[in-house]
Amino acid sequence: MASVFGHAITAMTATAFVSTKFNKWKFGALAIVCATIPDADVLMFDLGYSYGHWLGHRGFFHSIFFAFIFGFIIKSLFYRDFKLTSATGFMIFLSFSLITVSHGVLDAMTTGGRGIAFFAPFDNTRHFLPWRVIKVSPLHISRFFSDWGVTVIKSELYWIGIPCLLIYGFKRMLNRF
């Protein structure tokens, strides 16, 4: 998996494209929750689910289906004033859904693991993207603070941080025109 830092940076970059009529802090905090929540599936190990089970790590909670469910939940809980059928309500739902999808996309670009079940629960086949360039982050936080953790951070700075910085800079430049 990419680290929580890589997922959070991606979420914050996505918020640059959100309307200024929303509270940026609230939207940003919720975006980070959306971008990181799929890794809560590591708790499934404690419940007896294996990595390869559709509820296991990188399974259902990393899927596109889950992302749309979670986007709907976040929109419904925190932006109730906007009906889903309105343009604004739908864009809120879609934004949070796509930010949640970004988690699986980043993980599918890592050098480790068994792939992402993008289509769970309908299909548990695990997929990677052709570009597996992000060093896989350890599952346990204690292992993150090691030489490997430093390698992961360097990889994410290069493959996530720089592109996000360029996207954010491009967006700010467009806002000036």
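Reply: One definition is needed at the outset: a residue is called buried when its relative accessible area is under 20%, exposed when it is over 50%, and partly exposed in between. The model discussed here is predicted.

Me: Does R58 count as buried or exposed?
Reply: R58 is found in the loop between α3 (43–46) and α4. Its phi is positive, about 65°, although R58 is not a glycine. The limit for a buried residue is under 20% relative accessible area. Because R58 has 1% relative accessibility, it counts as buried.

Me: What distance should the 13 residues of helix α2 span?
Reply: Helix α2 covers residues 24–36, and each residue is taken to contribute 1.5 Å. The expected span is 1.5 Å times one less than the number of residues.

Me: Within what arc do the buried residues of α2 fall?
Reply: In α2, the buried residues are F27, G28, L30, A31, C34 and A35. Seen down the axis of α2, they line one face of the helix, because they fall within an arc of 165°.

Me: Which helices are included in what covers the buried residues of α2?
Reply: The buried residues in question are F27, G28, L30, A31, C34 and A35. What covers them includes α1 (4–14), α4 (64–78) and α5 (87–107).

Me: Which residue caps the N-terminal end of α2?
Reply: The cap involves a side-chain oxygen that lies 2.8 Å from the backbone nitrogen of W25. The residue that caps this end of α2 is N23.

Me: How many residues apart are F65 and F122?
Reply: A search of the whole structure finds 17 aromatic pairs. F65 and F122 form an edge-to-face pair, with 5.2 Å centre to centre and 75° between the planes. This pair links distant parts of the chain, since F65 is in helix α4 and F122 is in the loop between α5 and α6, and the two are 57 residues apart.

Me: Does F122 count as buried or exposed?
Reply: F122 belongs to one aromatic cluster with W54, F60, F61, F65, F66 and F70. F65 has 37% relative accessibility and therefore counts as partly exposed. Because F122 has 65% relative accessibility, it counts as exposed.

How values were computed:
Residues numbered from 1 in each chain as written. Predicted model: local features only at pLDDT ≥ 70, side-chain atom pairs only at ≥ 80, totals over all residues. Heavy atoms only, no water. Helix = DSSP H or I, 4+ residues; strand = E, 2+ residues; numbered from the N terminus. Buried < 20%, exposed > 50% of the residue type's maximum accessible area, 1.4 Å probe, protein only. Arc of directions from axis to C-beta. Contact = heavy atoms within 4.5 Å. Polar contact = N/O pair within 3.5 Å; in protein donor to acceptor, adjacent residues only side chain to side chain. Phe/Tyr/Trp six-rings, centres within 6.5 Å; stacked < 30°, edge-to-face > 60°.
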